Amino acid sequence: MTPDSLRVEGLHYAYPNGPAVLDGLNLVVEAGERVALLGPNGSGKTTLLHQVTGILEAEAGTVDVGGLRLDDATCGEIRARVGVVFQDADDQLFMPTVRHDVAFGPANLGLTGTALEETVLAALAAVNATALADRSPHHLSVGEKRRVALATVLAMDPSVLLLDEPSAGLDPKGRRELIELLSSIDQTQMIVTHDLLLALELCGRALLLSGGRVVADRPPLDLLTDVELLAQHRLELPLPLDRPTLVTLLERVQQKGPRSMG
């Protein structure tokens, strides 16, 4: 496995006094892939992200990032390889200015002086947020906070990005900017989302989780036009779009570059 690949095998986890949230889950995300993780509430999507980063410890099964097995000894290295952007950006922004927030991680790894400043500016430039460097993160819009939270992760130079509901709460323009941003990033990405059209536009694969397992692994177009499958797992498109319409939308995106469908 390359450093920017992810493999999960037989993962099992149950919260105290509750049923299994993950029940023998298996998945592989290859280097450079952008994969959507879909599923109804309670299907284990966010729990899986917490397992991959070692926030929660699996009761059974394994997680490998780039061939490195997650355990107590390797947890620090895994967290250096895997960057997580949480659904609520305020969970990641706590310093007086954006600049300080983006610098926090690299500084804790020992980066100082000119090297630290260059890292901060490069991360902000990557998310088109250089002008926000000296602003208070608490006074930013939802979309601006989302971009800055991503910059704090990119500053750590991870191999794999995990994003939890990245389009939640964004207006149409913010959503379009997010899609264009994520499409420009080279890192392997696994994106938890209820935004089915985002999955169609941005991802090459869609995994459907239900009952703690992957029950479908298909190209997004194939999965999103399986009306019966979506209905079985409490998912639906925001409009009754048929396959020809979705094909037309996807072709338009491919011809013109990443644009928002919403």
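Helices (H or I, at least four residues) and strands (E, at least two) are taken here as DSSP runs, numbered from the N terminus. The model is predicted, so local features need pLDDT of at least 70 and side-chain atom pairs count only at pLDDT 80 or more, while totals for chains, interfaces and linings use all residues. Residues are numbered from 1 along each chain as its sequence is written, and side-chain values use heavy atoms, with hydrogens and water left out.

**First stop: the cavities between α5 and α6**

Select α5 (142-154) and α6 (172-184), each of which supplies at least two residues of the lining of the largest cavity. A cavity is a set of points, on a 1 Å grid over the protein atoms alone, where a 1.4 Å probe fits but cannot get out, whereas a pocket is an open set with protein on both sides within 12 Å along at least five of seven lines; lining residues have an atom within 4 Å of a point. Grid points are joined across faces, edges and corners, and a volume is the space filled by probe spheres set on the points.

A search of the whole structure finds 2 cavities of 30 Å³ or more.

Next, select Val85, Arg146, Arg147, Leu150, Leu163, Pro166, Leu178, Leu181 and Leu182, which line the second largest cavity. Here too α5 and α6 are the elements that give two or more residues to the lining. The volume of this second cavity is about 40 Å³, and its lining has 7 nonpolar, no polar and 2 charged residues.

**Second stop: the pockets**

Now select Arg79, Val84, Gln92, Val153 and Met156, which lie nearest the centre of the largest pocket among the 19 residues that line it. The elements that give two or more residues to this lining are α2 (75-81), β6, α3 and α5. The pocket has a volume of about 580 Å³, and its lining comprises 10 nonpolar, 6 polar and 3 charged residues.

For the second largest pocket, which holds about 280 Å³ of space, select Leu56, Glu57, Ala58, Leu70 and Asp71, the closest to its centre of the 15 residues that line it. Strand β4 gives the most to this lining, with 4 residues.

Select Thr53, in the loop between α1 (45-52) and β4 (60-65). At 4% relative accessibility Thr53 counts as buried, a label that means under 20% relative accessible area, with exposed meaning over 50% and partly exposed in between (1.4 Å probe, protein chains only). Leaving out residues up to four places away in sequence, Thr53 touches Cys75, Arg79, Val82, Val84 and Leu162, a contact being heavy atoms within 4.5 Å.

**Fourth stop: the aromatic pairs**

Rings of Phe, Tyr and Trp (its six-membered ring) pair if their centres lie within 6.5 Å, and planes under 30 degrees apart count as stacked, over 60 as edge-to-face and the rest as tilted. By this rule the count comes to 2 aromatic pairs. Select Tyr13 and Tyr15, whose ring centres are 5.0 Å apart with the planes at 90°, so the pair is edge-to-face. Tyr13 is buried at 10% relative accessible area, whereas Tyr15 is partly exposed at 35%.

Then select Phe94 and Phe104, an edge-to-face pair with 5.0 Å centre to centre and 85° between the planes. Phe94 lies in the loop between β6 (82-85) and α3 (98-108) and Phe104 in helix α3, so the pair ties together parts that are 10 residues apart in sequence.

Select Ser210, in strand β9 (residues 205-210), and with it His233, whose side chain is joined to that of Ser210 by a polar contact of 2.9 Å. A polar contact is a pair of N or O atoms within 3.5 Å; within protein, one must be able to donate a hydrogen and the other to accept it, and residues adjacent in sequence count only if both atoms are side-chain atoms.

Finish with Asp157, a residue other than glycine with a positive phi near 55°, and Glu165, also not a glycine, with a positive phi of about 50°. Asp157 is exposed, with a relative accessible area of 59%, whereas Glu165 is buried, with 10%.

Note on methods:
Nonpolar A, V, L, I, M, F, W, Y, C, P; charged D, E, K, R; others polar.
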